[in-house]
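Please look at the structure below, then work through the questions and answers that follow.

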Amino acid sequence: MLAAAALFAMNTVQAQVQRSGNDTARVMQQLQQVMSEKAQLQTENDSLKKQLQELQAKVGKAGSEQAALQQRTTRELEASNARQKENETTIQQLRDKLQELIAKFRETATQLQSVETDREKFKNDLAARDRDYNTCVDRNAGLYFLNDEILRKLEDHSIWDTVREKEPFTRLARTRLENLIDDYRDRVEELRVNRKTAATQ
């Protein structure tokens, strides 16, 4: 375009020189002006080309940066999704372990309650047996003292006591002896442990 404009300007100048035959200085001045405008247009054209190249380079660089940013964003998003899935798996595993621990805790609590119930029953049974044992000890001691008393009375029993017991008229000694025997039987009966009663206790 510039070359065509310069050629057109030169043709115009030559035509004017031929037509008018005026002075050469004026023609030369116009020619210099046209050449100056051509040089200025060429400089502006070079500057625009340079700016265009710079803009194209910036656009290419921006495109590369955008592609790199998009790739990095995609990688980070994939890594975030992978971490999220891993966290969800870990959370689910922790929930499963927690449910398992809760089930074991409930089972242990049930077993402890059963053991505590059995322990309380054994404790009550032991207390009842202790009471029965103490009762037996007390009654055995009573029987021992009763036997000792009977033996002492028999030791002190003389021939005259035997004669009095067999005295046929008043039978006072005999009645006293029978009353004493009945008293001993009642005391023995009180001290004797009934097997059926002990078994139910």
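Relative accessibility places K121 at 48%, so K121 counts as partly exposed, a class between buried (under 20% relative accessible area) and exposed (over 50%), using a 1.4 Å probe and protein chains only. This is a predicted model, where local features need pLDDT of at least 70 and side-chain atom pairs count only at pLDDT 80 or more, while totals for chains, interfaces and linings use all residues. Residues are numbered from 1 along each chain as its sequence is written, and side-chain values use heavy atoms, leaving out hydrogens and water.

Q: How many helices are in the chain?
A: Helices are DSSP runs of H or I with at least four residues, and strands are runs of E with at least two, numbered from the N terminus. The chain's pattern reads α-α-α-α-α. It has 0 strands, and its helices number 5.

Q: Which residue meets D125 in a salt bridge?
A: A salt bridge is a side-chain nitrogen of Lys or Arg within 4 Å of a carboxyl oxygen of Asp or Glu. With 3.3 Å from N to O, the partner is K121.

Q: What is the N to O distance in the salt bridge of E100 and K104?
A: Both residues lie in helix 2 (residues 24–155), 4 residues apart. E100 is partly exposed at 43% relative accessibility, and K104 is partly exposed at 47%. Their side chains meet at 3.6 Å.
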